[in-house]
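I want to see how two chains sit together, and I'll jot down what I look up as I go.

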Protein chains: 2
Amino acid sequence: MKKYCIIVAGGSGRRMKSSLPKQFLLLDGKPLLMHTVERFRSFDVNMEIIVVLPDEHISLWDRLITELSFDVTHSVVPGGEERFHSVKAGLALVTDESLVAIHDGVRPLVSHDTIWRCFADAEEFGSAVPFVEPADSVRILDGDDSRPLPRKEIRLVQTPQVFRSNVIIEAYDRGFDPAFTDDATVAEAAGIKVHLTHGNRENIKITTPEDLAVAHTLLKLLKQ
Amino acid sequence: MKKYCIIVAGGSGRRMKSSLPKQFLLLDGKPLLMHTVERFRSFDVNMEIIVVLPDEHISLWDRLITELSFDVTHSVVPGGEERFHSVKAGLALVTDESLVAIHDGVRPLVSHDTIWRCFADAEEFGSAVPFVEPADSVRILDGDDSRPLPRKEIRLVQTPQVFRSNVIIEAYDRGFDPAFTDDATVAEAAGIKVHLTHGNRENIKITTPEDLAVAHTLLKLLKQ
């Protein structure tokens, strides 16, 4: 089945102590977002890759592409106010019956194994959401107090979240709700059952300078 | 108030693809456990540090101390079958009314700020358990299904977990229960309210070769 990947890169970079939006920060001499695009392209040369960027960053992206001779074919669309609106903008370019991966631009360390498993499970079950188990004990706030949660039943959710195109297009055909923290929660609002798939621990979301340093180390490990 | 730190190093190293127990793996040329001991000693030269080790690893520890001329004063006691029993063995050496920190031997990257906050909060509230918020969306298994949890209410729990000595000694005066995943859950079984304190994100539990590589990077950042 045809495959799409919508890479959402809407971050403003406020948490990075940097005026540069975090998807443009350099990892091994190249913006994070380019690593992310390359990761999906090297997985499948025929995948349609759609990058969703805030309107005001598209010219910067174009300039970086030229300067770094970045030659990975992809489309670019301007995003919206929330991640939800950006994904919706990307979905507008999905015209075929297909499998659609939705991925954070600042997760360049997703493994090909994870991508493979998510597409395979989405084809079988309609949806696939990658996760890792927490290494730490977990608690939840409960009024002024907190209580332990059973760690082995907790799932830390990553991307790519992959869906059959008809499922996710229909799910996103609704208004924004602040409870939508990822694509899984949007799909559930449409009555879709979310299938959980094993992710890879290195697939961290890069949101702080420490994360960037850690990503540099993990990138070298993934290349070995 | 007098301060103790019980450092529990009971891991068998099975997950590290290494026959060496993980607390002995080298970080910057020195076993993890020595980094952890030093972190507490450099925080407070007067703190009583108690290292709990599996009986069969004590001679290896002694040898490493000699070989590396490790001169940080500490006591060593043999641990028990579960982490619970090891902590109990360490608590037997706590003889003064004091504040007692209980810390994982494989968390060498705890910051002095975290240690400081935990002792201060334990003195005020009786207990202090450090946490960070998850960077990812969070779900919990629910039968064959799963459901989202509100990320902002989730706490990933670290160590040192610090308690007033009378509180934690009394709490550990009971039988083992598999629901005891950390000291907070033992304290709660004794009716103690757990106070949550901000930890530091670098304070990871080192359980895989990838964690060790990441720790190496974070150690350099902490030293800067």
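**Entry 1: symmetry.** Before comparing the copies, I need to know what superposing means here: copies are laid on each other by least squares on the C-alpha atoms of residues with pLDDT of at least 70 in both. That pLDDT is a reminder that I'm looking at a predicted model. Also worth noting: two copies of a chain are related by a rotation about an axis and a shift along it.

So what rotation puts chain B on chain A? I get 180°, with 0.0 Å of shift along the axis and an RMSD of 0.0 Å. The two copies are therefore related as by a two-fold rotation axis. I then looked for the C-alpha of chain B nearest that axis, and it belongs to B:Val214, 2.8 Å away. Both copies use the same surface, since 100% of the contact residues of chain B recur in chain A.

**Entry 2: the interface in numbers.** How many residues of each chain are in contact? I find 37 in chain B and 37 in chain A. Together the chains bury about 3300 Å², and 59% of that is on carbon and sulfur atoms. On the chain B side, the residues that lose the most area to chain A are B:Ser137, B:Arg139 and B:Leu141, which together make up 19% of what that side buries.

Next I checked the polar side of things. I count 13 residue pairs in polar contact between chain B and chain A, both residues being at pLDDT 80 or more. Which parts of chain B supply at least two residues each to the side that touches chain A? My list has strands E8 (137–142), E9 (145–149) and E10 (154–157), plus helices H6 (183–189) and H7 (209–223). The largest share comes from H7(B), with 6 residues. Sorting that side of chain B by type, I get 18 nonpolar, 5 polar and 14 charged residues.

**Entry 3: salt bridges.** I searched the interface of chain B and chain A and got 4 salt bridges. I wrote down one pair: B:Asp136 with A:Arg107, whose closest N and O atoms are 2.8 Å apart.

Over all chains, the search of the whole structure gives 22 salt bridges. One I looked up is within chain A, where the side chains of A:Glu48 and A:Lys2 meet at 3.5 Å, N to O. Why is this pair worth a note? A:Glu48 lies in strand E4 (residues 48–53) and A:Lys2 in strand E1 (residues 2–8) of chain A, so the pair ties together parts that are 46 residues apart in sequence.

**Entry 4: strands.** I followed strand E10 (residues 154–157) of chain A across to the other chain. This strand pairs with E8(B) in the antiparallel sense, over 4 bridges. Which residue of E8(B) is the bridge partner of A:Arg155? I find B:Arg139 there, a residue I had already listed for the area it loses to chain A.

Inside chain A, strand E8 (residues 137–142) and strand E9 (residues 145–149) pair in the antiparallel sense over 5 bridges. E8(A) and E9(A) form a hairpin with 2 residues between them, and A:Gly143 in the turn has a positive phi of about 65°.

Entry 5: Is the peptide bond from A:Thr159 to A:Pro160 cis or trans? I read cis, with omega near 10°. A:Pro160 lies in the loop between E10 and strand E11 (161–164) of chain A. In chain B, a cis peptide bond joins B:Thr159 and B:Pro160, with omega about 10°.

I located A:Ser69 in the loop between helix H2 (58–67) and strand E5 (75–78) of chain A.

Methods. Residues are numbered from 1 along each chain as its sequence is written. Chains are lettered from A and ligands numbered from 1 in the order in which they are written. Side-chain values use heavy atoms; hydrogens and water are left out. Contact means heavy atoms within 4.5 Å. Buried area is the accessible area (1.4 Å probe) that two parts lose on being put together, summed over both. A polar contact is a pair of N or O atoms within 3.5 Å; within protein, one must be able to donate a hydrogen and the other to accept it, and residues adjacent in sequence count only if both atoms are side-chain atoms. Ala, Val, Leu, Ile, Met, Phe, Trp, Tyr, Cys and Pro count as nonpolar, Asp, Glu, Lys and Arg as charged, and the others, Gly among them, as polar. Two strands pair if DSSP finds at least two bridges between them.
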